Amino acid sequence: TLNKQVNRRMMKLKTHTLAKGTKRRSGFTLVEMLLVLVILAALAAVVVPKFAGRSQQAKETAARSQIANIEIALDMFETDNGYYPSGSDGLEELVDQPSNATSWQGPYLKKGVPLDPWGNDYVYNYPGKQNNGGYDILSMGPDGRVGGSDDITNWDDTRSN
């Protein structure tokens with residue numbers, strides 16, 4: 001019987017230890033949670049700055065792409081009609097037929113004249129001041145003002161005027 005009593009006590013001790021161990025491991029400790037937060041903060045400190053500049057770069061690329069599409073539409077308009085649209089509403093003539101365009105095959109911009117990625121109208125001039133014999137198109141960039149290093153244009157700023 002002494003043997004049975006020892007076995008019972010051993011079983012109770014094992015069950016108690018197992019239950020106690022299971023109880024302890026059922027959640028995360030404060031140290032483990034803090035360690036995870038420190039790791040996440042370190043990753044964010046590395047990753048966030050890399051993506052922060054990407055949205056500006058994406059907008060600049062979108063503006064260049066839209067300018068290229070407008071150039072194609074203007075060249076198609078000129079091929080059909082023999083002249084480029086002029087005046088402040090020049091780009092609108094790519095969407096709505098002007099009264100003097102008898103060979104108009106548009107609309108040349110199917111979705112209308114786009115705004116630049118910053119929500120501003122593109123600036124169009126014909127005849128061009130920068131492109132002699134052609135036209136100028138520019139996005140005013142993030143500052144919304146003509147002039148400055150943030151403008152996106154269809155001409156090369158490095159050449160002499």
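How much of the accessible surface of the protein chain belongs to carbon and sulfur atoms? The points below take up this question and then turn to particular elements and residues.

1. Surface. The structure is a predicted model. The accessible surface of its protein chain comes to about 11,800 Å². Carbon and sulfur atoms account for 57% of that area.

2. The protein chain has 161 residues, and 23% of them are buried.

3. Secondary structure. The protein chain contains 2 helices and 3 strands. Read from the N terminus, these elements follow the order α-α-β-β-β. Helix 2 spans residues 30-81.

4. The strands form an open sheet of 3 strands in the order 1-2-3, and their pairing is antiparallel. Strand 1 (123-125) and strand 3 (152-153) are the edge strands, as each of them pairs on one side only. Strand 2 covers residues 136-139, and its antiparallel pairing with strand 1 extends over 3 bridges. A student who wishes to follow this pairing in the structure may look at Tyr124, which stands opposite Ile137 of strand 2.

5. The nonpolar patch. Which residues make the nonpolar surface patch of about 800 Å²? The patch is made by Leu30, Leu34, Leu35, Val36, Leu37, Ile39, Leu40 and Leu43. Leu30, one of these residues, is located in helix 2. Its relative accessible area is 65%. Leu30 therefore counts as exposed, because the term applies to values over 50%.

6. The salt bridge. How many salt bridges does the count give? The count comes to 1 salt bridge. Asp143 forms a salt bridge with Arg145, and the closest N and O atoms of the pair are 3.8 Å apart.

7. Arg145 has a relative accessibility of 56% and so counts as exposed. The two residues fall into these classes because buried means under 20%, exposed means over 50%, and partly exposed lies in between.

Terms used: Residues are numbered from 1 along each chain as its sequence is written. This is a predicted model: local features need pLDDT of at least 70, side-chain atom pairs count only at pLDDT 80 or more; totals for chains, interfaces and linings use all residues. Side-chain values use heavy atoms; hydrogens and water are left out. A salt bridge is a side-chain nitrogen of Lys or Arg within 4 Å of a carboxyl oxygen of Asp or Glu. Buried means under 20% relative accessible area, exposed over 50%, partly exposed in between (1.4 Å probe, protein chains only). Patches are made of residues with over 30% relative accessible area and no salt bridge: like charges are joined within 9 Å, nonpolar side chains (Val, Leu, Ile, Met, Phe, Trp, Tyr) within 5 Å. Accessible areas come from the Shrake-Rupley method with a 1.4 Å probe; for residues, only the protein chains shown count as cover. Helices (H or I, at least four residues) and strands (E, at least two) are DSSP runs, numbered from the N terminus. Two strands pair if DSSP finds at least two bridges between them.
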